[in-house]
Amino acid sequence: MNNLKTRDKLLSKVAADFIGLDTVYKTADGRKSRRIYLDSTASTLMMRAAHDAVEAFYNHYANTHSILHFSARISSEQYHWAHERILSFLKADPEIYTCFFTGSGTTSGINRLARVFRDYRPDRHIALISLMEHHSNDLPHRKHAKKVIHIPLNSHKGRPGCINMEALENELKNNKGSVNYVAVTGVSNVTGIINPIYDIAELAHEYDALILIDGAQLVAHLPVQMSGHNNPNRNIDALVFSGHKTYVPGSPGAVICRKDILENIEPEEVGGGMVENVFVESYEVKTTFPDREEAGTPNIPGAIGLATAIDVLDRIGMQEIFEDEEKLVLTAMDKLQKIPGVIIYGEIDCHICPRAASISFNVKGMDHGLVAAILNDYHNIAVRNECFCAHPYVKEMILDDLLDAAETIAEEDIEEVFKLKSGMVRVSFGLYNTMADGDILEKALIDITEKAASYAAQYHVDGNGNYCHNHFKLERENHFSVSEFIDTYVGG
Ligand SMILES: Cc1ncc(COP(=O)(O)O)c(C=O)c1O
């Protein structure tokens, strides 16, 4: 009980302490208000504790790869701690798994693993992925595996849900011996639908396929256990996630992978730090992890910031965070559902499909771009629109709406209209969002649906298909310029 209270207290403290929660902008009607940030699925805000830890660390900053002077030793030790902390956070046994940092997000890690998996079992040429994948967990496999099969999703009354396990099993069975791996997202970046990753792992392993989890939307929202399951088939072979979606913009992407998969394959990237010996004729790659996987000088402050955020999340408890956010998402979904004209995509019954973080919707009769622009310009609510780098998934879900719209437009215009209409509005939540944010969103959407025509009259579509306000421009007050910041610094 006491423990729970302490965690609750910590959650409240941390949630209220993100940089950017107090950012104020002036809206098209001349009001000034606090920005409501509902775009965490794209990138989260910065956790203050992570920011402050990195700032303190800068006093000791030095390159790693040496322990001779005080700062080099501190940097090396803290950078090492960052790897270990991520492994323990994801319950990945350090004897079996390594963690290494790569690029700024998930994309480079998945590209890397797609090549590793290809080289690990070159006799197997098929990768199975789901239809809900972000392009970053689709295109790397198309490029590096010889063949990719997209597994359909469950459908309940026409609403797509999680990956269809029966279809997955059929493909695993029909292609036994040829499927190298299954790669699925833990949580959809469009609908927030949560996939049963441990069931998927179990099934994949039963057919001797590996399992790769795209953890971009998973790691900051749900507890993860990569190893130590009673049934070892439920363990995850590899997982990739992004630091910028885990409350630390500017931090690297992280790859967690079984060492035995990596150890016989020469890393794609070579250079300093990952070699034992270099001769004119040859070189010897280190056998130690993670060094061999990280050529060059790493993003040391970014990694330390990321590990700080993760440590804080762990102290609160990921189950507690998930349950807290789930209440927020389900309440918001309930409110949105009741607004006439709002269509929410994907399975909405959380008993059939649990959700985390994201809700995507359209307002009947309004382009997604227009709704997103009004939310920003008049209500100071930051959301994202279009297809969220998941074109096949989004297009499948809006097909019915497009066909409805197609009835009212000339045939020759369908292509053009399809391009314009093909998309959704996405609201997404993070640790710092509150029920009040959901109320503000609800009010804004009621206002937009009630005054759709008068709002629409304030906008025109520019040559790139973007909705631009006829009069309101990004005003000086809503502006930030690095060079002006420097001017002030230099001048001062
Ligand atoms: C599910 C999912 N996978 C992969 C990515 C790519 O992540 P990054 O942009 O950090 O490389 C994203 C980004 O939105 C995502 O949501």
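Trainee: Does lysine 157 count as buried or exposed?

Mentor: This is a predicted model: local features need pLDDT of at least 70, side-chain atom pairs count only at pLDDT 80 or more, and totals for chains, interfaces and linings use all residues. Residues are numbered from 1 along each chain as its sequence is written. A residue is buried if 20 or more other C-beta atoms lie within 10 Å of its own, exposed if 12 or fewer, and partly exposed in between, with C-beta atoms placed from the backbone. Lysine 157 has 8 C-beta neighbours inside 10 Å, so it counts as exposed.

Trainee: What is the phi of lysine 157?

Mentor: Lysine 157 sits in the loop between strand E9 (153–156) and strand E10 (159–163). Strands (E, at least two residues) and helices (H or I, at least four) are DSSP runs, numbered from the N terminus. The residue is not a glycine, yet its phi is positive, about 50°.

Trainee: Is alanine 357 buried or exposed?

Mentor: Alanine 357 is not a glycine either, and has a positive phi of about 70°. Its place is the loop between E17 and E18. It has 30 C-beta neighbours inside 10 Å, so alanine 357 counts as buried.

Trainee: How many residues of strand E18 are buried?

Mentor: Take the two faces. Ser358, Ser360 and Asn362 are buried on one side, and Ile359, Phe361 and Val363 on the other. E18 is largely enclosed by the rest of the structure, because its buried residues number six of the six.

Trainee: Which residue of E21 is the bridge partner of phenylalanine 361?

Mentor: Two strands pair if DSSP finds at least two bridges between them. E18 meets E17 (residues 342–344) antiparallel through three bridges, with valine 342 opposite valine 363. E18 also pairs antiparallel with E21 (residues 424–428), over four bridges. There, the partner of phenylalanine 361 is valine 425.

Trainee: How many residues in the shell around the ligand are charged?

Mentor: The shell takes residues whose C-beta atom, placed from the backbone, lies within 6 Å of the molecule; among them are Thr106, His134, Asn189, Asp214 and Gln217. Ala, Val, Leu, Ile, Met, Phe, Trp, Tyr, Cys and Pro count as nonpolar, Asp, Glu, Lys and Arg as charged, and the others, Gly among them, as polar. The shell has one nonpolar residue and ten polar; its charged residues number one.

Trainee: What is omega for the cis peptide bond at proline 290?

Mentor: Proline 290 lies in the loop between strand E16 (283–285) and H9. The cis bond joins it to phenylalanine 289, with omega about -5°.
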